[in-house]
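Here is a short note to go with the model. Please read it with the coordinates open.

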Amino acid sequence: MAVGRLAAVTLDCSEIAPLVAFYREAAGLEPVHESESGAFLRNGDGVAVALQRVENYRRPEWPGQTVPQQLHLDLAVDDIEAAETELLRLGATKPADQPGDAKWRVFLDPAGHPFCASVWD
C-alpha cells in the first residue's frame, strides 16, 4: 500500500512566466496558482507540474552532466514531426545529441530542462 500519491513534479527555474506559457501550450496544463515565486499547473487527467523560482538557478546541461538534468519529463505525441515544429515554435530547443530513434526526440524547455516527445503505441 502506498503512503501517498504523486501530486506534482516540481521544476526549478529562474523565471516563472515563460515556463507557465510553455507548458500551457506544449502539454495542455492550466495554471491553478501563479506568482513571481512559483506556479502550479495541471490538466484534467490529474497530471500536475509545479514551478519554483530559485536564486542562482543553473540550467541543466544535456547530455553533459556538469549541471545534471535534475529530472526528465515525457510528452506523448501522435506525430513527432508536427510536435517538433510546435515545440520549437513555443520556445523549446533541440540539442544536437539525439540518442533516440524516429519515435522519440529530446528537447529542452525554455529553462533548459530536458524532456522527450515520444510516439506512444
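1. Which residue in β4 does Cys13 stand opposite? Cys13 stands opposite Arg53. Leu11 likewise stands opposite Leu51 in β4. β1 and β4 (residues 48-53) pair in the parallel sense, over 5 bridges. Two strands count as paired if DSSP finds at least two bridges between them. Helices (H or I, at least four residues) and strands (E, at least two) are DSSP runs, numbered from the N terminus.

2. On provenance: this is a predicted model, where local features need pLDDT of at least 70 and side-chain atom pairs count only at pLDDT 80 or more, while totals for chains, interfaces and linings use all residues. Residues are numbered from 1 along each chain as its sequence is written, and side-chain values use heavy atoms, with hydrogens and water left out.

3. The sheet is open. Its 4 strands follow the order β1-β4-β3-β2, with mixed pairing. β1 (9-13) and β2 (30-34) each have a single partner strand, so they stand at the edges and one side of each is left without a neighbour in the sheet. From one strand to the next, the twist averages 20°. Axes here are lines fitted to C-alpha atoms, for helices over the stretch in contact; angles run from 0 to 180 degrees between N-to-C directions.

4. β3 and β4 run antiparallel and are joined by 5 bridges. Leu41 stands opposite Val49 in β4. The hairpin of these strands has 5 residues between them, and Gly46 there takes a positive phi near 90°.

5. Helix α1 (residues 16-27) lies across β1, β2, β3 (38-42) and β4. The helix runs at about 160° to β2.

6. Ala8 sits in the segment before β1. Ala8 is partly exposed, at 23% relative accessible area. The classes are buried under 20%, exposed over 50% and partly exposed in between, using a 1.4 Å probe and protein chains only. Beyond neighbours within four places in sequence, Ala8 is in contact (heavy atoms within 4.5 Å) with Phe40, Ala48, Val49 and Ala50. Thr85 is 77 residues from Ala8 in sequence and 27 Å away in space, C-alpha to C-alpha.

7. Check the loop between β4 and β5, where Asn56 is placed. Phi of Asn56 is near 60°, a positive value in a residue other than glycine. Asn56 is exposed, with a relative accessible area of 70%. Pro63 is found in that loop too. The peptide bond from Trp62 to Pro63 is cis, with omega near 10°. For context, most residues other than glycine have a negative phi, and most peptide bonds are trans.

8. What lines the second largest pocket? Glu25, Ala26, Ala27, Leu75, Ala76, Val77, Ala83, Glu86 and Leu87 do. α1, β5 (73-77) and α2 (80-90) are the elements giving two or more residues to this lining. By class, the lining has 7 nonpolar, no polar and 2 charged residues. Ala, Val, Leu, Ile, Met, Phe, Trp, Tyr, Cys and Pro count as nonpolar, Asp, Glu, Lys and Arg as charged, and the others, Gly among them, as polar.

9. The second largest pocket holds about 150 Å³ of space. On a 1 Å grid over the protein atoms alone, a pocket is an open set of points where a 1.4 Å probe fits, with protein on both sides within 12 Å along at least five of seven lines; lining residues have an atom within 4 Å of a point. Points are joined across faces, edges and corners, and the volume is the space filled by probe spheres set on them.
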